[in-house]
Amino acid sequence: MKQMRKHFGTLAVTVAAIVVLGGALGGCEPATWKRADAMRAGPPEPLGEDRLSLHWKYVTADRLTEIEPQEFAAAAVYADTVYIGSASGWFFALRSSNGAVRWRKRLVAVASAPIVVAGVLYAGGADGTLLAVDAQTGVEKWRYQSRGPIEQSPVAAGDLIVFSNEADQVVAVDATTGKFKWQYKAETPEEYTLRGHAGVTVDNDLIFTGFSNGTLAALRKETGTVAWSTSLKAEADRFMDVDATPVVIGDRLYASSSSGGVYALDRTTGLIRWRVPFWDAALPSSNGNVGGIATDGKTLYVSVADLGTYAIDLAGNVLWRVGAKDGGEPAQPVVWNELLLYTLTKDGVFLADRRTGETVEYFDPGTGVSAPPTATADGRLFVMSNRGILYAFDLE
């Protein structure tokens with residue numbers, strides 16, 4: 001179910017959107033199973049390819065008794081350790097080979113993946129806290145308090161750590177001390193906006209990110225001042241959020257908005273080169289809430305609520321689309337070798353051929369997956385289920 005937030009000044013209240021599904025119930029027979037569009041997102045019968053081999057699993061918090069729990073925390077892998085937080089506030093450092101606990105501490109509720117830089121772990125909290133801890137021991141070094149939930153990973157930019165939050169802020173702090181360096185605040189609409197926010201992308205001297213008012217901005221890394229700002233809201237006056245983290249390829253910047261679709265812009269000037277709107281005649285009321293953008297350098301892969309996952313070439317041509325109707329909200333997709341990995345809140349994690357979009361394998365833990373998957377170069381896959389269980393697979 002789509003999530004929205006309503007802004008009243010500085011107060012943000014999260015509510016659930018009501019999705020009306022038309023059509024006859026046809027006898028009201030009980031459904032034997034339910035997942036995304038069977039024809040395009042993944043058939044219920046065995047697919048004939050065994051791509052996932054479960055290596056181990058670790059229970060961070062068993063949320064079985066909760067009604068529709070969600071965990072948005074994703075894993076980060078550094079050397080021989082997997083780091084992952086949780087909505088409960090507990091943070092875990094596990095050996096990647098067997099899931100054995102190196103350390104566990106209650107730090108802050110987490111809804112994204114941490115990063116590890118030079119032995120320091122940086123994690124954004126659901127309460128707006130950016131936390132720095134020793135990656136070996138979990139001992140806190142410093143914390144910085146921002147005004148909104150941090151739901152995307154922070155980024156290291158030289159001696160800075162830069163992050164965004166759901167209050168439409170971009171903040172830069174000193175990586176060693178946590179001392180404030182600069183902040184940029186975009187104007188937040190007073191109307192409904194979608195849950196979530198874009199992360200930041202650092203490319204040379206510029207930082208790119210999007211905001212809930214439908215704008216995409218380039219900020220100067222050293223000062224946080226605006227180099228350029230471009231509207232991606234098209235003709236919309238609400239639900240125009242730019243919530244997917246932008247992608248840079250060469251001299252082009254690729255981004256998306258829930259109302260406008262996917263855009264290609266000039267990296268230096270912000271001028272729009274092309275746009276591909278999201279649309280399906282069978283789903284005319286879909287708002288196109290975007291889970292994220294991934295790329296292999298030649299193709300963009302964009303996951304969109306209800307409408308599914310798109311593959312779009314760098315000239316703006318749609319190569320394929322696989323459906324995701326009733327599968328739930330998507331997270332950031334991940335490219336791994338010839339595969340595209342993506343998750344759906346209700347239906348779990350899918351492995352698709354990135355050339356065709358055909359599903360080759362999937363894993364449904366029974367409670368779905370809201371967090372993006374984490375894949376390593378040597379073929380390890382880490383997935384946190386909504387129940388709070390971290391699964392470690394070998395990709396074959």
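**Briefing: strands, hairpins and selected loop residues**

In strand β30, Leu339, Leu341 and Thr343 point one way while Leu340, Tyr342 and Leu344 point the other way, and all are buried. The model described here is predicted. In β30, 6 of the 6 residues are buried, so the strand is largely enclosed by the rest of the structure.

**β30 and its partners**

- Strand β29 pairs with β30 in the antiparallel sense over 3 bridges.
- Within this pairing, valine 334 stands opposite leucine 341 of β30.
- On to β31 (residues 348-353), β30 is joined by 6 bridges, and the two strands run antiparallel.
- Leucine 341 has leucine 351 as its bridge partner in β31.

**The hairpin of β29 and β30**

- This hairpin has 2 residues between its strands, and asparagine 337 takes a positive phi near 50° in it.
- Asparagine 337 has this positive phi although it is not a glycine.
- The loop that holds asparagine 337 runs between β29 (334-336) and β30 (339-344).
- With a relative accessibility of 48%, asparagine 337 counts as partly exposed.

**An open sheet of 4 strands**

- The 4 strands of an open sheet follow the order β17-β18-β19-β20, with antiparallel pairing.
- Its edge strands are β17 (201-203) and β20 (226-231), each of which pairs on one side only.
- On average, neighbouring strands of this sheet are turned by 20° against each other, direction ignored.
- In general, the strands of a sheet pair through backbone hydrogen bonds, in either a parallel or an antiparallel manner.
- Strand β17 pairs with β18 (residues 206-210) in the antiparallel sense over 3 bridges.
- Opposite valine 202 stands isoleucine 207, a residue of β18.

**Two further loop residues**

- Alanine 118 is located in the loop between β8 (115-117) and β9 (120-124).
- The phi of alanine 118 is near 50°, a positive value in a residue other than glycine.
- Alanine 118 counts as exposed, at 74% relative accessibility.
- Serine 385 is placed in the loop between β34 (380-384) and β35 (389-395).
- Serine 385 is buried because its relative accessible area is 1%, under the limit of 20%.
- Apart from neighbours within four places in sequence, serine 385 is in contact with Glu71, Pro365, Thr367, Gly368, Val369 and Tyr391.

Definitions and conventions: Residues numbered from 1 in each chain as written. Predicted model: local features only at pLDDT ≥ 70, side-chain atom pairs only at ≥ 80, totals over all residues. Heavy atoms only, no water. Buried < 20%, exposed > 50% of the residue type's maximum accessible area, 1.4 Å probe, protein only. Contact = heavy atoms within 4.5 Å. Pairing = 2+ DSSP bridges. Axes fitted to C-alpha atoms, helices over the stretch in contact; angles between N-to-C directions.
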